[in-house]
Amino acid sequence: MGRPSLADAGAPDYRIEIAETEWELGPKKKVRTAVYSGKIPGQLIRLTEGKPVTIEIVNRLDRAEIVHWHGQWIPVDVDGSIEEGSPMIAAGTSARITFTPRPSGLHWYHTHAMADRNLKHGLYTGQSGLLLVEAKENPGRYDREGFVVLHDWLPYYSASDDGSMMVKYNTASVNGRILGQGDPIRVREGERALFHILNASATEIHWLTLPGHAFEVQALDGRPVATRTKVEALRLGPAERVSALVTMSAPGVWVFGEAREDFRRAGMGTVIEYAGQSGKPQASSPAKLEWDYRAFGEGVPASSKPDVTIPMVFTSRFQGHGALDKWMINDKSYPETSLPSLQSGLRHRLVFDNHSTDDHPVHIHRHAFELISIHGMATRGVYKDVVVVEAGTRVEADLVANNPGNTLFHCHQQDHMDSGFMALFRYAS
Ligand SMILES: [Cu+2]
C-alpha cells in the first residue's frame, strides 16, 4: 500500500501496533480498549514537511482496522478511509504505507473504522495519537512544548428529551489519565509554553481553561491563523486542534482542564505546577464561555468569489424511541448521499445549513477549507479541516480543489457518521 519506494526495503520510520490493552486512567478506573502501541494517546509522531515517511501498521485485533491521517493532504490509497478507496488492514495482518507529509502543523492519526452501535469500536476506543509536522523553517518562539489530548470514556446510551438515543460518558481524561493522576506539567515563571491541543473525543465538544492565564492562539487545525487573538477559554469540537502560546505569569498550582466543573469532576484536567510552588491545584470556570472563529480571521469579506456553490443541508430523522436518529445531507443518508463533482483548480463554496438541534463538527479529508462566513458574518484567513456548525446556523467554507481523488466529508461525531452523516466528493475527470 502506498507506492513502493526505496524506504520500503529497510526498517519503517515508525511502527504502530493496534492491540487491546487494560489501561489505567486512574486508581480503580481501568478500561479495556484498543490502543496504538500500548499507550493512550499513541506515540507522538513527529515528521518534517516534504520528507517522505514509511509507517508500518500492525493490526493485532480480531477485526479489520484502518488508520486515517487527519489533516494531511495525501493520496487516497494512504489517507485511511475505506469510502475513498484506502484498504482496510485485515485482522492479524500488517500494512506498510509511505507518504510525503504536508501541510505542517498539528494533526493526528486515528481509527476510521465504523463503530455502528458498538461503543467499544471506532473513536470510542483509545485509537488516536498526535502527528506534528514541522515546517522546514521552524521559528520556534517558545521555551517549552506541551501536548494535551482530550478523550471521553465509558460511553453509554441515554435517552434524550425527544426519546431518541444519545451517547454519554462517565469518565474523561487528559493524555490518558483522569485529573490528579499522572505527572503534572512543570513550568517556570516567565516561560512561554506552546500547547498543542487535540480533542480526540468520539462525540463531545470541550472547553479548556487555565485559571490566571490567557491562550494566544497560533494555529487552528495546524494552519497558522491570520490574527493571534488571546482568549480565556478554548473550544474544541471533536477532531479540532488548537496550538496556543501561554506566557507563564501566574505562579501557583493550577488545573488546566475543562472549563465546566462536571467534566473536570469526570476527570478532564491535568495539573500545571510552577517551580517552587505546591498545594492543592486551583480550578475555576469562566463566567461566560464564548468562541468565535472570526476572532482569528481578517474580519473582512472573502477576497475571492467562488466558481461553484454547493448547498449542503443537514437534517435528522427520528427513528423511534430507543433508536439513534438518522442523519442526512440534502435529504439523503450515506451511502445514498450525492454531491456535485469537484473541478480541479476551482473554488467551491460549501454552504452548510444546519437544520437540526445538534452542533456538528464537520470534517473534510485531504483538504482544508477557508471559513467565509459564520452565522451570516463574514471572515477570511481562517483555514480549517473541521468546523463546528452550531444548531440552526449556517457556515460557509471555501474548498479549493487542489488534491485530486475521492474526498470524504462527514460529521466527526462517531454516532452521526455511523448514522449516515457522510458523503463522498469525487473529482470530475
Ligand atoms: Cu454530527
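Trainee: How many bridges join β3 to strand β8, and which way do they run?

Mentor: Strands of a sheet pair through backbone hydrogen bonds, either parallel or antiparallel. Here five bridges join β3 to strand β8 (residues 128–134), and the two run parallel. Within this pair, L47 stands opposite V133 in β8. Two strands count as paired if DSSP finds at least two bridges between them. Strands are DSSP runs of E, at least two residues long, numbered from the N terminus. This is a predicted model: local features need pLDDT of at least 70, side-chain atom pairs count only at pLDDT 80 or more, and totals for chains, interfaces and linings use all residues. Residues are numbered from 1 along each chain as its sequence is written.

Trainee: Which strands make up the open sheet that holds β3 and β8?

Mentor: Read the order across the sheet: β3-β8-β7-β5, four strands with mixed pairing. β3 and β5 (67–70) stand at the edges, each with a single partner strand, so one side of each has no neighbour in the sheet. The twist averages 20° from one strand to the next. Such angles are taken between axes, which are lines fitted to C-alpha atoms, and run from 0 to 180 degrees between N-to-C directions.

Trainee: What is the order of the open sheet that contains β2?

Mentor: The order is β2-β1-β4-β6, an open sheet of four strands with mixed pairing. At its edges are β2 (29–36) and β6 (94–99), each with a single partner strand, so one side of each is left without a neighbour in the sheet. Neighbouring strands of this sheet are turned by 25° against each other on average, direction ignored. Inside it, β1 (residues 14–26) and β4 (residues 53–59) run parallel, joined by five bridges. The bridge partner of Y14 in β4 is I55.

Trainee: Now the loops. Where does P41 lie, and which bond joins I40 to P41?

Mentor: P41 lies in the loop between β2 and β3 (42–48). A cis peptide bond joins I40 and P41, with omega about -10°. The bond from R102 to P103 is cis too, with omega near 0°. P103 is placed in the loop between β6 and β7 (105–111).

Trainee: Is K28 buried or exposed?

Mentor: Count C-beta atoms, placed from the backbone, within 10 Å of the residue's own: 20 or more others means buried, 12 or fewer exposed, and anything in between partly exposed. K28 has 6 C-beta neighbours inside 10 Å, so K28 counts as exposed. K28 is found in the loop between β1 and β2. Its phi is positive, about 60°, although K28 is not a glycine. D331 also has a positive phi, about 75°, and is not a glycine.

Trainee: Which residues touch the most other members of the largest nonpolar core?

Mentor: In soluble globular proteins, nonpolar side chains tend to be buried together. A nonpolar core is a set of buried Ala, Val, Leu, Ile, Met, Phe, Trp, Tyr and Cys residues joined through C-beta atoms within 7 Å. The largest one has 102 residues, and L131, I197, A244, V387 and A397 touch the most other members. Strand β14 (residues 192–199) gives this core its largest share, five residues.

Trainee: What is I197 in contact with?

Mentor: Contact means C-beta atoms, placed from the backbone, within 7 Å. Leaving aside neighbours within four places in sequence, I197 is in contact with V148, L208, L234, L236, R241, V242 and A244.

Notes: Two residues are in contact if their C-beta atoms, placed from the backbone, lie within 7 Å.
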